[in-house]
Amino acid sequence: MAVEGGAKCVKYLLFFFNFIFWLCGLALIVVGVLVKVSINATAILKGHTGSSLVVIVVGVIIFFIAFFGCCGAWKENQCMITMFAVFLSLIVIIEIGAAITGYVLRTKLTDLLSKGLDSLVAGYNETDNKEALDTIQKHFKCCGVNSSEDWSNSKAVPAKSVPDTCCKNITKDCGVGAIKDGNKIYTDGCLPIMNKDLRENIMWIAVAALVIAFVQITGIVLSCILMRAIHSGYEVM
């Protein structure tokens with residue numbers, strides 16, 4: 001016997017919301033990958049990609065659970081809908097944890113960046129440090145930690161000079177004697193530029209997690225309503 005009214009409406013709403021969950025899972029995967037790539041581009045933060053990895057994993061899980069929820073709603077299987085609601089509740093908890101982790105990392109970001117950049121400048125003679133800092137300076141169009149004058153105390157470059165990767169047009173020895181030449185080099189430090197860029201990325205993770213969590217909670221509520229309807233003896237076609 002087909003159920004009219006509320007129960008039938010909930011069934012189709014739950015099916016529709018599962019399609020939204022599928023899109024949300026895809027969005028989380030994309031956001032997580034983009035942030036991870038951005039953080040990995042800054043060698044000094046390669047060990048601090050926890051939040052982005054959690055978001056990617058959650059996105060993949062949601063991607064598959066959404067299909068599971070669709071089947072449960074369409075077939076009116078109480079067991080499948082119950083498992084869907086439980087898994088979705090666990091994911092919301094995980095997302096809240098990821099958002100908190102991202103917020104904590106956000107408060108420590110400046111210190112992490114400052115220590116990492118200071119270490120790279122001090123050890124610029126070492127190949128790994130040189131490659132990492134050159135990549136950062138070229139990518140973010142910056143020079144030194146707080147400004148180009150940070151290179152004035154470095155023994156890795158000639159006096160009053162900066163690495164060639166600080167130059168606006170990179171050529172061999174373009175940074176020689178140009179430590180204060182704003183027409184020739186980027187004089188802004190990498191710390192404020194990277195700090196702003198990474199904070200924005202972490203903010204997008206938090207926003208994405210909160211928006212998707214709201215949608216998921218709506219799905220959990222609909223699942224509970226449909227479970228109750230099925231348990232009460234409704235048969236939805």
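Q: Are tyrosine 124 and tryptophan 151 buried or exposed?
A: Both tyrosine 124 and tryptophan 151 are buried, where buried means under 20% relative accessible area, exposed over 50% and partly exposed in between, with a 1.4 Å probe and protein chains only.

Q: What kind of model is this, and how are residues numbered?
A: The model is predicted: local features need pLDDT of at least 70, side-chain atom pairs count only at pLDDT 80 or more, and totals for chains, interfaces and linings use all residues. Residues are numbered from 1 along each chain as its sequence is written, and side-chain values use heavy atoms, with hydrogens and water left out.

Q: How many aromatic pairs are there in the whole structure?
A: A search finds three. Rings of Phe, Tyr and Trp (its six-membered ring) pair if their centres lie within 6.5 Å; planes under 30 degrees apart are stacked, over 60 edge-to-face, and the rest tilted.
A: One of the pairs is phenylalanine 63 with phenylalanine 64, edge-to-face at 5.7 Å centre to centre and 80° between the planes.

Q: How exposed is phenylalanine 64?
A: Phenylalanine 64 is exposed, at 55% relative accessible area, and phenylalanine 63 is partly exposed, at 26%.

Q: Why is the pair of tyrosine 124 and tryptophan 151 edge-to-face?
A: Because the planes of their rings are at 75°, with the centres 5.0 Å apart.

Q: New topic: what is the phi of lysine 160?
A: Lysine 160 has a positive phi of about 60°, although it is not a glycine. Lysine 160 is also exposed, at 64% relative accessibility.
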